[in-house]
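Which helices pack, which residues form a surface patch, and which charges pair?

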Amino acid sequence: MSDVRSAQGGRDTLIRYIRDAGGVGLLALAIFVPFIGLRLHGETNGLVLHYRPKLLVIGVVLAMLARLLVLIWQERRVHQGRAAWRAARVASAGKYVAPALLASAALLPLVPGIANFYIDLGVLVMTYVMLGWGLNIVVGLAGLLDLGYVAFYAVGAYSFALLAHYFHLSFWECLPLSGIFAAIWGMCLGFPVLRLRGDYLAIVTLAFGEIIRLVITNWISLTGGPNGIYNIPHPTFFGLNFNLGGGPGTFSGFFGIDPDPKQLTTYLYYIIFFLALLTNWVTLRLRRLPMGRAWEALREDEIACRSLGINVRNTKLTAFAIGAMFGGFAGCFFATRQNFISPDSFTFIESATVLAIVVLGGAGSQLGVALAAVVMIGIPALLQDLSIYRMLFFGLALVIMMVVRPRGFVSTRTPSIALGKRQQISSELMSEGHG
Amino acid sequence: MSVMLSLSGVTAFYGQIQALRGIDLTVEKGEIVTLIGANGAGKSTLMMTICGNPRARSGSIVYQGEDITQCAMHDIARKRIAHAPEGRRIFPRMSVEENLLMGAQVVKFADYDNQLALMFDLFPRLKERINQRGGTLSGGEQQMLAIARALMSKPDLLMLDEPSLGLAPLVVKQIFGAIRQLNRELGLTVLLVEQNAYQALRLAHRGYVLVNGAITMQGEGAELLARPEIKAAYLEGGH
Ligand SMILES: Nc1ncnc2c1ncn2[C@@H]1O[C@H](COP(=O)(O)OP(=O)(O)OP(=O)(O)O)[C@@H](O)[C@H]1O
Ligand SMILES: [Mg+2]
């Protein structure tokens with residue numbers, strides 16, 4: 001009896017699948033006929049219309065197959081029990097993926113014979129990891145949608161570039177200053193938007209990012225305008241520079257090794273690696289302190305926060321300021337790495353990319369943001385040949401992501417306190433006191 | 001008895017709309033005072049005005065001898081007035097314990113464990129659910145959490161806005177029992193807004209009736225319950 005029913009159910013499902021896939025096929029046909037099926041070709045006697053039925057059929061069949069796969073996959077997941085499946089996967093991911101990622105990131109430049117290109121790519125990815133973690137404070141933790149994060153990146157970069165240009169300060173002197181300047185600008189943004197939420201906040205932050213860029217572009221006497229600033233110094237290693245000429249005062253000269261561009265890249269890599277780790281560490285610490293908890297509570301319910309005695313204004317301002325500070329550090333690093341900056345590096349697309357990394361990573365999750373940065377920055381750069389399709393890839397990734405994991409790669413949130421542990425500690429202390 | 005909170009001639013506005021029209025109200029130390037009134041009468045507004053948002057446009061609010069009419073919201077909460085706003089408003093993605101911790105913003109960390117133990121005594125259900133996310137609790141559990149969170153700050157005055165909203169009669173009883181227990185054992189002063197007028201007036205020492213932003217009646221709980229106009233307006237349809 002039950003066999004009959006399940007066979008019946010199976011047949012129903014099959015029919016449903018075929019209908020569904022058929023619908024997708026029709027849709028694909030409608031779209032593909034003009035795009036794939038027909039092709040205009042310029043020949044000597046004018047334009048000629050070519051028909052490509054074979055390609056058209058292949059395209060439609062592929063679309064139908066893809067739809068079938070999605071359906072089967074969804075079915076399987078329902079059977080497995082969605083929540084359990086997800087929880088188990090996330091738990092194992094947290095346990096192994098994060099340390100593995102950290103270890104491989106720490107060792108990447110030390111791989112023997114690794115090309116300079118890959119270390120440089122690592123530097124790029126790590127910069128975005130850091131930016132993602134910085135923005136995550138504002139967007140992920142405090143829940144304030146910021147579309148102008150690039151402004152702080154720009155402030156950090158130009159702080160260093162200008163201080164180096166006019167006052168000949170070094171990278172290490174400017175790094176903290178860049179962070180401080182960016183934090184101040186973060187507060188400047190924070191004040192006017194204190195009462196705004198959601199869409200309105202997004203619009204104002206977007207405008208803020210553009211204002212900073214336009215000011216930099218047009219204040220030609222100070223910033224050089226669209227021409228940018230050249231000859232920004234590279235960081236030094238305890239006073240040693242990385243000139244390729246060798247000789248005294250250079251890194252290679254001091255250690256008696258052949259000069260190699262890889263030395264500088266590796267050095268830069270470890271600087272950004274530790275800056276990113278610092279961002280992560282500070283974020284994780286803050287989450288356990290009243291300030292960080294207040295950020296998260298603010299994201300959840302502003303009215304409740306107020307009635308519990310949280311100073312909402314200060315909470316928002318600190319979130320903006322600290323998020324901006326890390327953007328400033330990253331900007332300072334960007335300037336020293338590039339040697340040259342111009343307003344072109346600080347367009348809206350940068351804000352959008354960093355925001356996409358945060359959202360894709362599952363707003364609020366540190367591991368998710370790091371993974372998303374690798375996927376969004378690293379993979380397109382590796383697929384150099386496909387670079388013209390980069391935006392396509394980007395859009396596709398976002399769409400797939402939103403379908404498969406609507407809350408980001410890592411959507412679970414670990415509580416910042418766990419009663420069991422804390423009690424253990426306090427009872428230990430108590431018994432010590434008695435003894 | 002000494003006065004804990006007194007309002008005199010308080011008015012409040014939302015833009016052009018006047019929501020409170022000259023409220024005079026006192027709450028003595030150790031009392032349970034309830035505020036009843038129809039939807040839109042201004043009960044929630046009155047509580048929020050005490051908390052500083054919206055701010056009273058005229059009149060004065062004195063709390064334990066101190067004029068708090070112009071205080072900022074977060075300062076008022078630090079003076080040990082706890083407010084559980086209408087509609088629970090727990091933090092949905094945070095665990096039960098984190099929610100409680102947020103309530104303890106203003107107490108010293110040393111008091112935290114005591115307060116937590118007290119809350120678990122009062123609402124054993126919360127202890128079972130300590131690591132569950134707030135948003136996945138049942139309505140009644142969420143309400144317990146909202147009250148417990150407000151109590152974490154060791155308040156002198158607890159203001160509850162419709163704690164029985166959407167709860168089964170048995171759970172309402174449980175929550176009212178908890179309020180009574182807190183009042184008797186710890187001497188907690190409570191200002192309670194309720195739609196459930198019958199139970200609220202039975203629980204409270206005194207009651208106020210709010211109509212259209214003004215207080216029209218006041219008196220002892222039992223006495224108000226007996227008045228025919230109260231019966232007609234707020235107790236119709238049984239309890
Ligand atoms: N934020 C606001 N902006 C404008 N008007 C408001 C606002 N909040 C409340 N009001 C108005 O003020 C009046 C009093 O509202 P309030 O929420 O205090 O009523 P209430 O007595 O708590 O009602 P209920 O029993 O339905 O909760 C209502 O007319 C309401 O429409
Ligand atoms: Mg109300």
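The report below covers a helix pair, a surface patch and a salt bridge.

This is a predicted model, where local features need pLDDT of at least 70, side-chain atom pairs count only at pLDDT 80 or more, and totals for chains, interfaces and linings use all residues. Residues are numbered from 1 along each chain as its sequence is written, chains are lettered from A and ligands numbered from 1 in the order written, and side-chain values use heavy atoms, without hydrogens and water.

**Helix pair.** The axes of α10(A) and α13(A) come within 11 Å and cross at roughly 180°. Axes are lines fitted to C-alpha atoms over the stretch in contact, with angles from 0 to 180 degrees between N-to-C directions. The two helices, α10(A) and α13(A), are therefore roughly antiparallel (over 145 degrees). Contact means heavy atoms within 4.5 Å.

| Helix | Residues | Contact residues include |
|---|---|---|
| α10(A) | 261–287 | Leu268(A), Ile271(A), Leu286(A) |
| α13(A) | 312–338 | Ile322(A), Phe326(A), Arg337(A) |

By class, this contact has ten nonpolar, two polar and one charged residues.

**Surface patch.** Leu26(A), Leu40(A) and Tyr51(A) are among the residues of a nonpolar patch with about 790 Å² of accessible area together. Patch residues have over 30% relative accessible area and no salt bridge, with nonpolar side chains joined within 5 Å. Areas use the Shrake-Rupley method with a 1.4 Å probe. α1, β1 and β2 of chain A each supply at least two patch residues. Leu40(A) sits in strand β1.

**Salt bridge.** The structure holds 16 salt bridges over all chains (Lys or Arg side-chain nitrogen within 4 Å of an Asp or Glu carboxyl oxygen). One joins Glu31(B) and Arg206(B) at 2.5 Å, N to O. Glu31(B) lies in the loop between β2 and β3 of chain B, Arg206(B) in strand β9, 175 residues apart.

Technical notes
Helix = DSSP H or I, 4+ residues; strand = E, 2+ residues; numbered from the N terminus. Parallel < 35°, antiparallel > 145°, perpendicular 65-115°, else oblique. Nonpolar A, V, L, I, M, F, W, Y, C, P; charged D, E, K, R; others polar. Patch = residues over 30% accessible without salt bridge, like charges linked within 9 Å, V, L, I, M, F, W, Y side chains within 5 Å.
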